[in-house]
Amino acid sequence: MRVKVRFRYNADTGEVETFVVEDLGGDERAVDHDARHDRVTADVARVVERDALIEEMLPGSAPIRAERPTPDADADAVDREDRRVSE
Amino acid sequence: MCNPRRVRVRATRQLAQAWEHEVRRQVTRTGQAVGEVRVREPLGSSVGGPALTALAAVLRADPEWERVGETFVHRVDGGHVIYHPAARELEIVATATADVEATGDVARTVSGELTGDVEAEGVGVYYDDNWGGTTEEDARREARERAEAALETATRERARAARDAADEREGAALVGAAEQQAEAALTEATAARERELRADAATRLATVGVQGRNAFHRALASAYRDAILAFARSRRAAGISCTEADGVVDIEFELQI
């Protein structure tokens with residue numbers, strides 16, 4: 001499976017505005033699919049924040065304070081499952 | 001005109017003259033008063049280890065941040081900000097300074113008495129034929145007047161010398177007292193000024209904090225960038241992209257897991 005990591009930090013506010021690990025698909029039927037996604041999300045999150053709170057985003061939901069998804073991206077998101085890291 | 005004749009008159013005066021003199025010394029001390037207001041803030045979130053490691057490297061390489069002991073200091077208008085890596089805290093320091101001056105002024109009246117004899121000589125000139133209408137008596141009177149004038153001058157010189165000697169002798173002691181007075185006055189003036197300056201600094205704390213946090217957040221942006229990109233490369237990520245504009249860092253990459 002492949003994931004896409006998106007990170008945005010705004011130095012004006014000092015906030016991590018976006019930190020999303022998005023599932024790009026590949027082996028949705030694997031029994032350990034969710035566990036692998038969680039592990040890589042935690043690995044990436046650890047770089048930025050200790051004890052990061054990791055939240056699962058339901059398909060179609062938009063990350064809080066992230067840029068608005070384009071209509072195409074929104075449509076794609078229906079079939080995806082994201083893991084979002086909150087501050 | 002015949003041969004000139006000189007009449008010499010020696011005058012002696014026994015002195016018994018009291019004198020008084022004010023000895024005064026002033027010492028000025030200058031210094032600087034500094035008013036400071038500090039506030040320490042924990043980092044908004046517990047930054048991850050790799051980002052913290054990268055942050056230390058970013059701060060070491062940034063000429064705007066000065067390494068002071070175990071901390072990093074960044075100066076801004078009206079103060080500075082200190083990053084404490086061990087405590088993971090940011091300390092905002094607003095500072096106001098002003099020059100301070102204080103004077104110590106000490107005076108003492110000293111007195112003494114002139115004693116002893118003063119001698120002086122006066123000379124008068126006349127001619128055998130009383131040329132010019134000047135007789136021996138005239139010359140003698142002139143000699144006496146000159147001797148008296150010389151006595152006055154010598155007496156004044158003795159009095160001046162006595163006052164100068166007293167001024168020098170007493171002045172050395174007064175300088176020490178004036179220095180102590182000036183130091184004490186400077187300490188008091190500095191403390192009073194610093195109370196005012198702390199109030200000034202407090203009004204600027206918010207502005208200094210904004211500047212300091214902005215500087216820190218810029219460094220933190222670089223640290224996040226370096227740490228995340230290092231992570232991505234270590235995992236052989238594909239499609240790595242990193243853009244920085246207007247203080248915003250955007251990073252994207254893909255991982256095969």
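This is a predicted model: local features need pLDDT of at least 70, side-chain atom pairs count only at pLDDT 80 or more; totals for chains, interfaces and linings use all residues.
Strand 1 (residues 2-10) of chain A pairs with strand 7 (residues 248-256) of chain B in the antiparallel sense, over nine bridges, where strands are DSSP runs of E with at least two residues and helices are runs of H or I with at least four, numbered from the N terminus, and where two strands pair if DSSP finds at least two bridges between them. Within this pairing, A:Arg8 stands opposite B:Asp250.

Residues are numbered from 1 along each chain as its sequence is written, and chains are lettered from A and ligands numbered from 1 in the order in which they are written.

Turning to the contact between the chains, 27 residues of chain B are in contact with 24 residues of chain A, contact meaning that C-beta atoms placed from the backbone lie within 7 Å. On the chain B side, helix 1 (49-61), helix 2 (136-234) and strand 7 each supply at least two residues, and the largest share, nine residues, comes from strand 7.

Strand 7 of chain B is also joined to strand 6 of chain B by six bridges, again antiparallel, and there B:Cys242 stands opposite B:Ile251. This hairpin has two residues between its strands, and B:Asp246 takes a positive phi near 50 degrees.

Why does strand 6 (residues 238-245) of chain B lie largely in the open? Of its eight residues, the number buried is zero, buried meaning that 20 or more other C-beta atoms, placed from the backbone, lie within 10 Å of the residue's own.

Note on methods. A residue is buried if 20 or more other C-beta atoms lie within 10 Å of its own, exposed if 12 or fewer, and partly exposed in between; C-beta atoms are placed from the backbone. Two residues are in contact if their C-beta atoms, placed from the backbone, lie within 7 Å.
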